[in-house]
Amino acid sequence: MTAITTDSRRGAHRSGRDGRDGRDGYRFGQVARMEWIKLRSQRGAGWTLAGTAAAMIALGVLIGIHQSAHLSAAARADYDPTGNGFAGLAFGELAIGVLGVLLMTSEYSSGLIKATLAAIPNRPLLLAAKAAVFGAVTLAAGELMAFATFIAMRTSLPATVPHPGLGQPAVLRAVIMAGAYLALAGLIGLGVGTVIRHTAGAVGAMVGLLYVVPLALLALPASVADPVEKFLPMIIAENSLTAVRRVSPSLPVWAGLGMLCLYVAVLLGAGGWLLVRRDA
Amino acid sequence: MISARGLTKRYGGTAAVDSLSFDVQPGTVTGFLGPNGSGKSTTMRMIMGLDAPDGGQARIAGRSYRELRWPLREVGALLDARSFHPGRPARTHLAALAAAGGIPAARVGQVLAQTGLADVAGKRPGKFSLGMAQRLGIATALLGDPSVLLLDEPVNGLDPEGIRWIRTLLQSLAAEGRTVFVSSHLISEMALMADHLIVIGRGRLLADTTVAELSARSGSLEEAFFTLTDGEAQFRAREAEDVKLS
């Protein structure tokens, strides 16, 4: 510890250090660096991403292998190995969504939130940095997984059926959207975790949103279920984002992507609003 | 310097902290003494901007916590024995906070050495004993070399050697001109550690004086404390009686 005798000397020392880069006070950059270090050392984050990649690729391979070698005329009309090959998203959305939940709820369960907010009392800035870092990492990882899954599926297809190629715009778009969906599911999780703060409750809400609501809709007549169903994250992922041939019920691709972004914006917005107003 | 003016926090209908006003001066260790549940932790959380007061305000060198430009370089705090993720190694935990505070990475090694944690810096702190967890909390507080320190019950879980270590550390930090504000419910420890005392009971200020002056009132600090807190309890009882009668 440096022996400093008076507060005025400390002040002079400080302003000199701050003045070097011409800024005074913490900014997005410092907060993002903290969140990056925390994310890298978040227990289970690496395993979650590795497990998601393994599940995505394995399911892609299975879909490819199980494609019947001869397509009937009817089957040819529905033939979409690209969309079907992303069956692993149904697992990945929850895995990465839960990771997003934990990124916030583990701060509360461990007590770390007090140290975090002591370092960065600007709570909206904290949430923005957390979301930016996590979103960027999961987007990069998600795109890698999506391209790997597509290639694995494609190479497992029987030689007798048409092979989709990344040169086809709808196919390339579907692959990119599959990766983006994982990042968006992660951000939905972060938003839910910020609103609910308790791990069990927030994970339950994620399972409800992703799986239980779609199942519950199955019990309702199609006239009621169909208009609602197409707004659900998993249905958007399967029927809009990754489908090369659109399936009903569905939103157009860009509307589906916009809807998911709206989910993220509303949840992170509500989370940020509560974060500012609630005691830590 | 820390100042509280009319600081109030209510939970439901009851005031946990009730119009509390005091100043904590630099250059001396100020003890924050009160029975369990008297509002010490709530007061510290409000000073740190973690809890929003229902009334009044707390300032650090004239600014609210949220207005601080580099909070970790201005205020170091130990509010809970465990304010870290159990799975994140001590060194990484401190490195993350150093990044947030614009603090040189070399400082992490310094505070780990200073708190005797250098050998376990790479270990997950979830398995730390309470005493080691307290040391990591103190390392966190010292990270930004702050001129104001707030510590809530820092001697909890420490062995006699650890207690003496922290007493000496806090006194030397105060001697360097820093503001040191330490809560405890242990009167004997406060008598040894602090020069000045702020005593509260049921969220209200009971005394704001030197340890020597308070001890002289009733022969010992312990007697003086019980006289103060007993009076508060009786006052409350009378108040309740008045309500019943009216």
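A: Helices here are DSSP runs of H or I with at least four residues, and strands are runs of E with at least two, numbered from the N terminus. By that count, chain A of this predicted model comes to 13 helices and 0 strands. Its pattern along the sequence is accordingly written as α-α-α-α-α-α-α-α-α-α-α-α-α. The C-alpha atoms of chain A fill a box of roughly 85 × 40 × 30 Å along the principal axes. Of its 280 residues, 44% count as buried. Among the contacts in chain A with a separation of 6 or more, 79% join residues 24 or more positions apart.

Two packed helices are described by the angle between their axes and the distance between the axes. Helix α8 of chain A covers residues 123–156, and helix α13 of chain A covers residues 253–277. Their axes come within 9 Å and cross at roughly 145°, and the crossing is right-handed. On the side of α8(A), the residues that meet the partner helix are A:Arg123, A:Pro124, A:Leu127 and A:Ala131. Facing them in α13(A) are A:Leu268, A:Gly271, A:Gly272, A:Leu275 and A:Val276. Taken together, the residues of this contact divide into 6 nonpolar, 2 polar and 1 charged.

Beyond this pair, chain A also touches chain B, in a contact that takes 33 residues from chain A and 37 residues from chain B. On the side of chain B, the elements giving two or more residues are α2 (71–74) and α3 (90–101). The largest share, 7 residues, comes from α3(B). That side divides into 17 nonpolar, 11 polar and 9 charged residues.

Technical notes
Residues are numbered from 1 along each chain as its sequence is written. Chains are lettered from A and ligands numbered from 1 in the order in which they are written. This is a predicted model: local features need pLDDT of at least 70, side-chain atom pairs count only at pLDDT 80 or more; totals for chains, interfaces and linings use all residues. Two residues are in contact if their C-beta atoms, placed from the backbone, lie within 7 Å. Ala, Val, Leu, Ile, Met, Phe, Trp, Tyr, Cys and Pro count as nonpolar, Asp, Glu, Lys and Arg as charged, and the others, Gly among them, as polar. Axes are lines fitted to C-alpha atoms, for helices over the stretch in contact, and angles run from 0 to 180 degrees between N-to-C directions. A crossing is left-handed if the near helix is turned anticlockwise from the far one by less than a right angle, and right-handed if clockwise. A residue is buried if 20 or more other C-beta atoms lie within 10 Å of its own, exposed if 12 or fewer, and partly exposed in between; C-beta atoms are placed from the backbone.
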